[in-house]
Every structure is written in structure tokens, then in C-alpha cells.
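Please look through the model below with the following notes beside you; they take up helix packing and then a ligand site.

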Amino acid sequence: MKSGFTIEKIIEIYHRPLFDLMYEAATVHRKNNDAHEVQVSSLISIKTGGCPEDCAYCPQAARYQTEVQVHGLMPVETVEAQARQAKENGASRLCMGAAWREVRNNRDFDHVLEMVKAVNALDMEVCCTLGMLTYEQALKLKEAGLYAYNHNIDTSEEHYKNIISTRAYSDRLNTLDNVRKAKITVCSGGIIGLGETEEDRIKMLHNLVNLPQPPESVPINALVPVKGTPLENQPRVSVWEMVRMIATARIIMPKTVVRLSAGRLEMSTAEQALCFLAGANSIFAGDKLLTTPNPAFSDDMEMFKLFGLKPREAFKEGREPEIAEAAVFEN
Ligand code: SAM
Ligand code: DTB
Ligand code: SF4
């Protein structure tokens, strides 16, 4: 069901005086979720670097000279061992990322299916981000026990062309459609700090909330500028920009998990507190994202203790969750 959120309404929300915006977001969050819980996800880069795409932000694109340590697909046992470790550290979701343009029907995909089964057997929510997928591939992942698929729309359709030329926005939407049809939960969000305007950011949120069903999880990444990529000299985004994105996402998608994603290493504890207050209820934890550093698990657990937050258990919404409903806005 479409949410009914018009672009004008989202513009109005996004530009509210900061404390009005945060207060409303915090209120919506408390009404719809347990505001003491934070979903903790951990990332594993199961295949790193050498990607044929030209995403201007990405250290894993083969065409840019970066310091990323390229490696082929990890053995299933390594993934399983790292997943166990992440679970012990408090993660309830494990997201496996591969630097692929798209999934091919080959032995590597068979191995990924084995990884999904192995992590699912640990009673963790399994997520993959492997690039474009056909419906048949999505079904195979679902059968193997995949809980979520991450596929970001990154920015507005207009700005997308300035960032990536090797695929189109419609390719992204098509994969999201295949994931949805296979009854896998959808994780889709974007990055701020790509040289986009505020209008682009708002259009991205508008596109997310008006997907046939809004995503169950929305990661908001701050660009991590990496040496060797075309965006290496982009200025860092400010915490106020993150807070506005998170709060607006929370208001328009009340039950969605909104993830304060890449960029936390550069944020102080006080800045992260503002993001949680604005309705963020998930983080990536563990000292590495895919290729770039992230705060240590122990530091995050200390932060949670300080704030009175606790990690959310796996499968809180059940193994076949009801689709998160966007707030239906009365125009
Ligand atoms: N290749 C797959 C794809 O593009 O969907 C999966 C891996 S890709 C690295 C996953 C996501 O990481 C991208 O969609 C992008 O949103 C995010 N990302 C990549 N590099 C980033 C960076 N330097 N800063 C912030 N987010 C980044
Ligand atoms: C998402 O939105 N952010 C994560 C995850 N989905 C796959 C990835 C962030 C990557 C940051 C750059 C890196 O570590 O390579
Ligand atoms: Fe490849 Fe994904 Fe990086 Fe784009 S974001 S270059 S598709 S790994």
C-alpha cells in the first residue's frame, strides 16, 4: 500500500525547526517501537574488491586505486566462525556483503546459499547484499533461510546518474521488487554526503516510503570518503544532517528499523545520542564495516549502558514478519 506521503509533506517535515522535528520523531518512535531497544547488525565482507561497477563512493570498485585488500569468496567455515563471534558480542543480525554487480548462477552462489543456511542455524537474522538479483535467485536465498536483503537506492533518481553510470535506478528498483516478491524483508536506504542537495535527500526518502511497501529497514549512511575514489575529497556531513534524515525517516516510516550506519567512527557519543533520540534504532557493530573501520563492540556496549539501551533479540517480529506500514498521511 502506498503511504500517501507527498514530496511537499516530506519537505515540510524535513525543514521543521530542529527541536520540533526531533520531538515529533521521538514521539512517533515511542508510540510505535520499544525505544530502549537497538537492533545490532554485524557486517562481513564475504568477497572484497574487484567490482566492475563505478559507484563513485566505493573503495571496492576495481577501476579505482584504493588500499582495499582484494579477496575471493570466503570459506563457509570462516563466515560461520565470525558469525558466532558477532552473536556472542550481542549482534542479532549478520549481513554478508559481496563486491558483485549481480549474482550469477554459479558455484559462488551455491556457497553463499550454504553460508545463509549456516548463519540461519545460529538463530541469527541473516541478511545479504550481493548486488542485483533475479526473482529465481531471490527465491533460492529465501529457501536457504535469508531474512533480509540489503539493496540501497543511495540517493535521488536524478543524482544517481552523477554517482553511478554502470547501472540505472530502475535496476535497483527491479531487484527490490524481486526481493519483495520472494517474501524476503527489504533493507534499503542511502548515503548522504555524495554532493547531493537537500532536495535529493528528500526525494530519496519519498522514493523509499512510496515503494509498493516501505522497507522494513532503512540504513542512513554518512559517506566515508576513501582515498582513491572520486569522492575522496568530499567534506564530511554534519550530525545535524544525519539527525534530519533519521528523524524524517522515523516520522514517515514509524515502524521501520532506521539504522545509523556508516560514519559513526567520526561521531562523538553525544552526537550519536542525538541520532537515537531522533528515532534511530539500529547500528552496524564490530570494528569493521565492509572495508572501513567502525567503533569496537565494547565501546558500543558501553555507550548502550550509558544511554540505558539494550540490543534487540533476533526475530522479534517473527520469522515471517508483517510488512512494516508507513504512516498513512491524510492529504
Ligand atoms: N555490491 C553490492 C551493492 O552495491 O549493492 C553490495 C555491497 S555495497 C558496498 C553496499 C552499500 O554500501 C552500497 O549500496 C552503499 O550504499 C554503501 N557504501 C559503499 N561504500 C560506502 C562509503 N564509502 N560510505 C558509505 N556507504 C558506502
Ligand atoms: C549499508 O547501507 N551500509 C553498509 C551495508 N549497507 C552493506 C556498508 C557500508 C560500507 C561503508 C564502506 C566500507 O566499509 O567499505
Ligand atoms: Fe560494486 Fe557495490 Fe561497490 Fe558499487 S557499491 S562498486 S556495486 S561493491
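1. Helix H2 (residues 18-32) and helix H9 (residues 239-252) have axes that come within 9 Å and cross at roughly 40°, the axes being lines fitted to C-alpha atoms over the stretch in contact, with angles from 0 to 180 degrees between N-to-C directions. H2 is therefore oblique to H9, since angles under 35 degrees count as roughly parallel, over 145 as roughly antiparallel, 65 to 115 as roughly perpendicular and the rest as oblique. Helices here are DSSP runs (H or I, at least four residues), numbered from the N terminus.

2. This is a predicted model, in which local features need pLDDT of at least 70 and side-chain atom pairs count only at pLDDT 80 or more, while totals for chains, interfaces and linings use all residues. Residues are numbered from 1 along each chain as its sequence is written, chains are lettered from A and ligands numbered from 1 in the order in which they are written, and side-chain values use heavy atoms, with hydrogens and water left out.

3. The axes of helix H4 (residues 107-120) and helix H5 (residues 135-144) come within 8 Å and cross at roughly 30°, so the two helices are roughly parallel to each other.

4. Around ligand 3 are Cys51, Glu53, Cys55, Tyr57, Cys58, Ala61, Ala99, Trp100 and Arg167, each with a heavy atom within 4 Å of it.
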